[in-house]
Amino acid sequence: MNSVTVRVPAKVNLQLAVGPLRDDGYHDLVNIFHAVSIFDEVTATAEIGVSVRVEGESADQVPEDDDNLAIQAALALARHAGRSYGVSLLIRKSIPVAGGMAGGSADAAAALVACNELWGLGLPTEDLLEIAADLGSDVPFALLGGTAVGTGRGERLSPLEVGGTFHWVFALADGGLSTAKVYAECDRMREAIGEQVAWPQAADPLLAALRGGDAKALGAELANDLQPAAVMLRRSLARTLDTGREYGALGALVSGSGPTCAFLAESEAHAGELALSLKAAGVARDVITAYGPVPGPTVV
Ligand code: C5P
């Protein structure tokens, strides 16, 4: 086999409960991940050495050196296998860059799956999940897809049962937000008001809404503890969120650390209408519709 292509979805967080800051600089979370139908494609081709090229949506903002998480994934997999394998990676991006939708993590997960296949390693998912957790907190979920609750720093996963398909609208912003900066702003804001940070808990009504495929109930339960910090760093997001709510979104929240905003719609048709309204209101660089949950990385 000379070349393997893997398609990998973006995620939105349905609940992101951020606990106290840990000694290692991370926060304990309850992170309910939901994979949605916005896909990057990663093609791995046998080559001497390891390299990456990025095409598509905001490709110029993605590093093509060893800072690229997909390169780090390939190198970590080769180390795990105890050999020096080579690969050239081509990433075709549709997932917004630094947008809070785990695009970099998705590319890393896709690189792990593609290289595992290309190099004929046949490693089980458990091994890939271990390597993924060292690459970043969101990479294990990117390997899994579907809907899952993540605890620890988000890397310890339990899949969740979902009783239907949910329709989403995503408002893309100009430029990204640094995840580390958003977490730091969250800590700063909490300290400023002397907030006692509670241990994060999954919200039972949200889990029930997922099981029942109940979009209306899910919309009312969407929650992101990073949202005030993301809005503080990017004030325009408040208007984007309000506009979606005014146009009838069942729920609106910042996706992960932002700046992408996510709106839950009643149906596919409603998502299309909501997207048109948000576009016309001029509150986003671009507006796209998607559905979830979708499966994780797939060889195409
Ligand atoms: O794990 P990852 O590299 O994606 O995390 C990026 C940054 O986000 C971390 O350096 C940390 O500042 C913050 N983070 C956190 N708590 C988590 C996950 C990420 O504080 N559970």
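Which strand and which helix each supply at least two residues of the lining of the second largest pocket? In this predicted model, local features need pLDDT of at least 70 and side-chain atom pairs count only at pLDDT 80 or more, while totals for chains, interfaces and linings use all residues. Residues are numbered from 1 along each chain as its sequence is written, and side-chain values use heavy atoms, with hydrogens and water left out.

Strand E7 (166-172) and helix H9 (236-246) are the elements in question, helices (H or I, at least four residues) and strands (E, at least two) being DSSP runs numbered from the N terminus. H9 gives the most to this lining, with four residues. A pocket is an open set of points on a 1 Å grid over the protein atoms alone, where a 1.4 Å probe fits, with protein on both sides within 12 Å along at least five of seven lines; lining residues have an atom within 4 Å of a point. The second largest pocket holds about 160 Å³ of space, a volume being the space filled by probe spheres set on the points. Its 14 lining residues include Ala173, Ser236 and Thr240, which are among the closest to its centre.

The largest pocket has a volume of about 990 Å³, and the ligand takes up the space of this pocket. Helix H2 (103-118) is among the elements that contribute to its lining, and H2 provides the largest share, four residues.

Around the ligand, the largest share of the shell, three residues, comes from H5. An oxygen atom of the ligand lies 2.6 Å from a side-chain N or O atom of serine 137, within the 3.5 Å limit for a polar contact between N or O atoms.

Note on methods. Polar contact = N/O pair within 3.5 Å; in protein donor to acceptor, adjacent residues only side chain to side chain. Sits in = over half its atoms within 2 Å of the grid points.
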